[in-house]
Amino acid sequence: MAQDLFSIFLNRSIAAPDAPFLILPDGGAITYAQAVARSGQMANLFRASGVKPGDRIAVQVEKSADALLTYLASLRIGAVYLPLNTAYTAAEVRFFLSDATPALFIHRPEDEAAMAALCADLGIAARLTLGTPGEGSLPVGADAQSAQADIHPVTMDDLAAILYTSGTTGRSKGAMLTQGNLASNSATLKDYWRFSEGDVLLHALPIFHTHGLFVATNITITAGSAIILLPKFDVRELIRLMPRATVLMGVPTFYSRLLGEADFTRELVAHMRLFVSGSAPLSAETHKEFSARTGHAILERYGMTETNMNTSNPYEGDRVPGSVGFPLPGVELRIAHPETGESLPQGEVGVIEVRGPNVFKGYWQLPEKTAEELRENGFFITGDLGVIDDRGYVSIVGRAKDLIICGGFNVYPAEVEALIDAIPGIAESAVIGIPHRDMGEGVVAVVQARDAALDEAAVLGAIAGDLARFKQPRRVIFLPELPRNTMGKIQKKALRETYADLFAK
Ligand code: AMP
């Protein structure tokens, strides 16, 4: 019987209480025993706030040791952890809270006024605040609690977390991840990437997303290794701390930024054993340039919120630029015809479908959406287009849903378009992703205006308050008419080709 993550964490703390779990950039450290004790204090505070097993705990806070430990405290009491992107505006947070109806919302102290009003309006009974470092009612309240707290027994089928993915139609969907989804994927990845107690992971990813929260944290706990916890991505900090680390997990932007630093050299990475990339396509050029500079082949893997990780390049053997490698052990992957759903022969491009213990339980309170994307036989229709070569390597060739990935974050055009279309004087808009060396893709809005007085600044100004910064277009292009096919659909492919070089200079 597989163990749940909190039990694994607890056992690590018993076996090696003084081993470091979190290493802070200023040199301080939190051991496994201290982290378990802190999770106990938080568990008591959450229970005293009224949280029961199965209740959701929504969290929108800046990255810190205490912020990460709220995840472990949530696991400890059998609650369902619901992290929110720190860039979301109050209007966006309103949707998530009203959809997920959490028993507790943890937010930044500076958002007190807006979130107090929102929670009163939505009937969310309990709130706590958490700032950096140690500021807010959560750390103060936790300090006053005992570190002894019962561990709620869970089954592998129980929900551990809900992570929202933006919907292509503008409706965000909460992906329900079970204890078994998380535990099975971290056990697989720990072995596949050879994690051990001696590893030190340099952690500069956000902790509200599957990559930084689950892949990074869960593998560390499972292997009993340590995390150097950076509050955010800062290329100079990465370079300063790299000699103390053995592994880096990043989005492609991390790697292109590192290559832009003259002192990022083979000598600097002498202590490193592994560089992992994911969440967006890593360009073959970056992969090759990185190998030439450091002697390390970046290991690219492919996953998503709904499935955890699905494929990975091998630890030993060829890590092929432009490929996401092989299906992980225990994960079945097939390429299906987009319309009929039939399996396609090797070498043909189709929709990637996956099945395994990593695949989520469905979308929160959306049984119809779940049925559309999760087949009865257990295969999840990822919406990514891919192909398998004659050696079994999987490559992603496009995204069926026109998803834009900017710096590792998903931007769904429909959501941005809806806001732009609502601006008086705009006839229509098409939001597309254009290749951007640094961010992977840059968001561009192509608009047809009725009012000749509208300009780029007016469009950007009109939507800024309603949209997280990473979703806001970098450029707005005005056209007299948007190109359409015979069915009346806007031809985004043609637009992408026309503006392909927009960010080249
Ligand atoms: P998210 O749910 O935010 O993790 O986004 C998942 C999506 O990111 C996938 O469906 C893919 O479209 C994309 N993705 C993740 N990893 C890769 C990768 N290594 N190469 C290309 N696309 C990727």
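Okay, ground rules. What you see is a predicted model, where local features need pLDDT of at least 70 and side-chain atom pairs count only at pLDDT 80 or more, while totals for chains, interfaces and linings use all residues. Residues are numbered from 1 along each chain as its sequence is written, and side-chain values use heavy atoms, with hydrogens and water left out.

Let's start with the domains. The protein chain is divided into domain 1 (33-154) and domain 2 (403-499), with bounds that come from an automatic or database domain assignment. Their centres, taken over C-alpha atoms, are 35 Å apart. Five residues of domain 1 are in contact with eight residues of domain 2, contact being heavy atoms within 4.5 Å.

Now the holes. Picture a 1 Å grid over the protein atoms alone: a cavity is a set of points where a 1.4 Å probe fits but cannot get out, and a pocket is an open set with protein on both sides within 12 Å along at least five of seven lines. Lining residues have an atom within 4 Å of a point. Points are joined across faces, edges and corners, and volume is the space filled by probe spheres set on the points.

E7 has the largest share, with three residues. Domain 1 and domain 2 each put at least three residues into this lining.

By class, the largest cavity has eight nonpolar, seven polar and one charged residue in its lining. Nonpolar here is Ala, Val, Leu, Ile, Met, Phe, Trp, Tyr, Cys and Pro, charged is Asp, Glu, Lys and Arg, and the others, Gly among them, are polar.

The second largest cavity holds about 60 Å³ of space. Around it sit Val59, Val61, Ala67, Tyr81, Pro83, Leu84, Ile207 and Phe208. That makes eight nonpolar, no polar and no charged residues.

On to the second largest pocket, at about 800 Å³. It is lined by 32 residues, with Pro206, Phe208, Lys232, Phe233 and Phe409 nearest the centre. And where does this pocket lie? Both domain 1 and domain 2 give residues to its lining, so it lies between them. Helix H8 (210-223) and helix H10 (252-259) each supply at least two lining residues, and H10 gives the most, with three. The classes come out as 15 nonpolar, eleven polar and six charged.

Next up, helix H1, residues 5-15. Leu5, Phe6, Ser7, Ile8, Phe9 and Ser13 are buried there; buried is under 20% relative accessible area, exposed over 50%, and partly exposed in between, with a 1.4 Å probe and protein chains only. The buried residues of H1 pack against strand E1 (20-23), helix H2 (32-48), helix H3 (65-76), helix H7 (179-192) and H8. Asp4 caps the N-terminal end of H1, with a side-chain oxygen 3.2 Å from the backbone nitrogen of Phe6.

Asn410 is found in strand E22, and at 27% relative accessibility it counts as partly exposed. Leaving out residues up to four places away in sequence, Asn410 touches Leu403, Ile404, Ile405 and Phe470. Asn410 and Ala280 are 130 residues apart in sequence, and their C-alpha atoms are 9.0 Å apart.

His337 lies in the loop between strand E16 (332-336) and strand E17 (350-355). With 28% relative accessibility, His337 counts as partly exposed. Its side chain reaches the backbone nitrogen of Thr340 at 3.2 Å.

Buried or exposed, what about Thr311? Thr311 is buried, with a relative accessible area of 0%. It lies in strand E14, residues 308-312. The side chain of Thr311 reaches the backbone oxygen of Val324 at 2.8 Å. With residues up to four places away in sequence not counted, Thr311 touches a list that includes Arg301, Tyr302, Phe326 and Val394.

Conventions: Helix = DSSP H or I, 4+ residues; strand = E, 2+ residues; numbered from the N terminus. Polar contact = N/O pair within 3.5 Å; in protein donor to acceptor, adjacent residues only side chain to side chain.
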